Amino acid sequence: MMTTRRDMIKLMASAGLIATTTPFAFAKAPFSSIANAGYYRFRFGSFEVTALSDGTLPLPMGTIYQDAPEAHLNEILDNNLLGREPHISINAYLLNDSNRLILVDAGTGSLFGPAAGKLIANLKKSGYAPEQVDAVILTHIHADHSGGLTVDGVAQFPNADVMVPDREYTYWIDKLYVGHVVAGKEGEFAQAEAALRPYIESGRVKHFGPNEAPLPGFGSILRAGHTPGHSSIFVRNEDGEKFVIWGDIIHGDYVQFDEPDIYVTFDVDGAEAVKTREIALQEAADERYLVAGAHLPFPGIGYVTRDSTLYRWVRQNYVE
Ligand SMILES: [Zn+2]
C-alpha cells in the first residue's frame with residue numbers, strides 16, 4: 001500500500017522528527033544591511049562588461065527638464081509613478097578585453113555626497129581593484145563623470161591613463177574654447193581641474209580628437225551639446241556588433257525618448273544637445289546596436305526601438 005503524505009507526517013511525528021505542537025516557527029530576522037550589488041556583468045563577445053553604479057540621486061526633474069511646461073513634465077512623472085524627485089542613476093562601465101581593463105567614466109568621487117561616490121566600492125565588489133584599471137576614458141568632464149578620478153587631491157586610479165576628448169580639455173581645462181571660465185560656473189570648472197590635476201601632473205592625460213579612437217580597439221563619436229566635446233565611446237565585438245556607451249544622451253528614461261527636444265539645465269548648449277539626441281536616437285534605432293547610458297536606470301544597458309510615441313527604451317534582457 002502506498003504511504004500517503006499524512007501517514008508520513010504521522011510517522012515522522014512519532015519518531016520525534018518533526019514537532020507536533022508548533023508546526024511552524026517564524027524567525028524574526030533582522031533586516032539585512034547588505035546593500036544592492038551595485039554592479040551588473042555581461043559578456044559582449046570577447047569583452048567582459050561590468051556596469052558600475054556610482055549611486056542614485058533624487059532630482060526635481062520637473063524643473064531640470066527645459067523647454068516644456070512644468071505641468072506637462074509633472075504629468076509624465078505622475079504617469080510613470082515617479083513622484084516629483086525621481087532618483088537618477090549615475091553609471092559607469094568597465095570593459096575587460098583580456099589585455100586591458102578600461103573604465104568609461106569615473107563617477108562623482110566625493111563631490112555629490114554619500115548617496116553617490118560608490119563606484120570604487122562597487123568596482124571592488126565586482127572583483128577588481130582600482131590599481132588594475134589601465135585607462136579611464138571620459139565621455140566628458142562633468143563632475144559626475146570625472147569627480148571620481150581624484151578624491152582630496154589623490155588619484156583614485158594610480159596606474160591609469162586618462163583619455164579625454166580634445167574639445168572637453170580645451171573647454172574645461174585650457175578654458176580657451178570660450179576664452180574664459182563661464183560666469184556663474186566657476187565651481188564646475190574648478191572641480192574639473194581638480195579631478196584631472198594629479199593625472200596632468202604625472203603626464204597621464206591623453207587627448208583624442210572628434211570621432212578619433214581614444215585607444216586601439218575603442219572608437220568615439222562626437223555628440224556635442226551636453227558639453228562641447230561630449231563623446232560616445234564604442235567597441236565592436238568579433239561578430240561586428242557595436243556597443244555604444246553614449247554618455248549623457250538621455251537623462252532618465254521617461255521623457256526624452258518620446259520628446260527628444262526637451263533638454264536639461266546641465267546642457268551647456270541645449271539646442272545643440274537636442275539635435276545631437278535626435279541623431280543619436282535615430283542611429284541607435286536604425287543600427288539596433290547595444291547602448292549604455294550614464295543616467296538611464298542602472299545598469300542602463302539596452303536598445304532603442306521606434307514606437308507610436310517616437311522611440312522606446314528596451315532594457316537588455318536579464319541573463320544570469
Ligand atoms: Zn552626467
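The structure is a predicted model; local features require pLDDT of at least 70, side-chain atom pairs count only at pLDDT 80 or more, and totals for chains, interfaces and linings use all residues. Residues are numbered from 1 along each chain as its sequence is written.

The chain has 8 helices and 17 strands. Helices (H or I, at least four residues) and strands (E, at least two) are DSSP runs, numbered from the N terminus. The C-alpha atoms fill a box of roughly 90 × 50 × 40 Å along the principal axes. Of the 320 residues, 42% are buried. A residue is buried if 20 or more other C-beta atoms lie within 10 Å of its own, exposed if 12 or fewer, and partly exposed in between; these C-beta atoms are placed from the backbone. Two residues are in contact if their C-beta atoms, placed from the backbone, lie within 7 Å. Among contacts between residues at least 6 apart in sequence, 67% join residues at least 24 apart.

Two strands pair if DSSP finds at least two bridges between them. Strand 13 (residues 242–245) and strand 15 (residues 290–292) run parallel and are joined by 3 bridges. Phe-243 has Leu-290 as its bridge partner in strand 15.

The largest nonpolar core has 62 residues. A nonpolar core is a set of buried Ala, Val, Leu, Ile, Met, Phe, Trp, Tyr and Cys residues joined through C-beta atoms within 7 Å. Tyr-93, Val-136, Ile-137, Leu-149 and Val-162 have the most contacts inside this core. Leu-149 touches residues including Ala-106, Val-136, Phe-157 and Tyr-199.

Helix 6 (residues 166–174) has the buried residues Arg-167, Glu-168, Tyr-169, Tyr-171 and Trp-172. These buried residues pack against strand 9 (161–165), helix 7 (186–201) and strand 10 (205–208). Lys-175 follows helix 6 and has a positive phi, near 60 degrees.

Most residues other than glycine have a negative phi, and most peptide bonds are trans. Leu-81 has a positive phi, near 55 degrees. Leu-81 sits in the loop between helix 3 (70–79) and strand 4 (87–96). Leu-81 is exposed because 8 other C-beta atoms lie within 10 Å. Ser-98 also has a positive phi, near 80 degrees. Ser-98 lies in the loop between strand 4 and strand 5 (101–104). Ser-98 is exposed, with 8 other C-beta atoms within 10 Å. A cis peptide bond joins Phe-298 and Pro-299, with omega about 5 degrees. Pro-299 is in the loop between strand 15 and strand 16.

Terms used: Lists of a residue's contacts leave out its neighbours within four places in sequence.
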